[in-house]
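Subject: Structure handover

Hello,

Here is the structure I promised you. My notes follow below it.

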Amino acid sequence: MAKRKKHKGVVLLKPEGTHGWRARYVDPDSGKFVKLSVPERDATTLELRADWAHDLSQKLSKRKHELTDGATRKTGAAFPEVVEGYFKAHVKHGRKTLRGYRFVAAKLLAWAAENGVKTADELTRPKLMGFKASLVNECKTVPVEQGKRGEKKRLVEKFRSNVTINNELRAAKTILSYLVKTDSFARLSFDDLHIALEKETVGKKAVKIFRQAELTKLLQDALDHDAATYEMTRLEKEAGKKGKQGQTLKHNPIAPFTAFVLLSGMRFSEAVNLTWEQVHLDLGEIHLADTDTKTHHARTVDLAVSPALGELLTKLKEHNDAGSVFGMTEGEIRAGGKRIADKAYWQTLRATCGTFLTCSPSIFGASSAYRSAFQLGHSVQVAEKHYLGLVKNIPKEATTVEAAMGIEAVLAQILEAIPGPKLRLVAAA
């Protein structure tokens, strides 16, 4: 008679009531007693039960050694709860950042529910590669014509750009990297994240900027936008013939803000949130703290490169010298920008400023790339890679940004037309 295999740590329990053969053991990860049903095919004879219990004992022993060597313990924590842990630990993120991460996290959780990833312990590199495949193969969505607000439809066989996919992969990797640091996953490492969420290839496109002629037209369009009036308002109608009609301006002013971003090269968010406490006209500088910038690096914006920029701020301060410099919300500014340009309007203005600062021989001289990068708040490599040599017809005698761009005349019109903090005025009686 063959000797039965031993199964240290695994106790076989006889059938009881509605239960068949079961095994009781201590789970190496949780340290708790666990009862497991013996498969029916392995429960028919004493030898088969012993063999099955022996195999289980070997697996438990191997797992104990893995934990001793530093393996992460399986927690059994629900995957949605683990992902939510990232957001609980990062409540200081900006509103837009959190909204973007939440959007990608929702996709990750929906994919996990569809693919049987119920706990954090079940997420592995192969499964995570399946999540990436779902992002890559996701079709593009577009707004429904004449549909409800926010209603979109999916275009069949028209896939999203690699730039969009990489943005989502980056957000997913940020969330999961933090959770790997907290030992939330038993079967996922940083190497797994790097391999499974590898970025898609993106071709290098030329940086979009506005040329001199385009800048003049853009700023003139902004002036025309600001000067637009209603044909007649209710107040003007009530005033009758004695009052002036067509005097109520339609929109908040967008030309001063447009000129400011163009001449300073500041990011849209930095310009929108700019306050007079940050502006030091006596020093000719704008001071941005680390909490005011995207990179979280404090920097100083030099007004000396553009006398028109200093004049612009001086005239704005005459009308409003406290709180917000432009006195408008982000929504109001974006709405004004959409009326005169496309969605890349503000970033293109910033890139235009960086290009002219880098390429103008008489503004910063030999240190143009360094000083341009310092002014805009990015690396010298970015200035050299994207801006250097992009514009070549700049007058050698141009020592200011506005002179290099050839927009001095239209800027004079903007300065002359600067109103109070709000342009949306009631009609004169």
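Of the contacts in the chain with a separation of 6 or more, 63% join residues 24 or more positions apart. Contact means heavy atoms within 4.5 Å.

Please note that this is a predicted model, where local features need pLDDT of at least 70, side-chain atom pairs count only at pLDDT 80 or more, and totals for chains, interfaces and linings use all residues. Numbering runs from 1 along each chain as its sequence is written, and side-chain values use heavy atoms, with hydrogens and water left out.

Overall form: the radius of gyration is 32 Å, while a compact globule of 429 residues would have one near 22 Å. That radius is taken over C-alpha atoms, and the globule rule is 2.2 Å times the number of residues to the power 0.38. Along the principal axes, the C-alpha atoms fill a box of roughly 115 × 60 × 45 Å. Of the 429 residues, 40% count as buried (under 20% relative accessible area, 1.4 Å probe, protein chains only).

Secondary structure: the chain has 17 helices and 8 strands. These are DSSP runs numbered from the N terminus (helices H or I, at least four residues; strands E, at least two).

Strands pair if DSSP finds at least two bridges between them. Strand β7 (residues 285–288) and β8 have 4 bridges. Leu288 stands opposite Arg299 in β8.

Best wishes

Conventions: Buried < 20%, exposed > 50% of the residue type's maximum accessible area, 1.4 Å probe, protein only.
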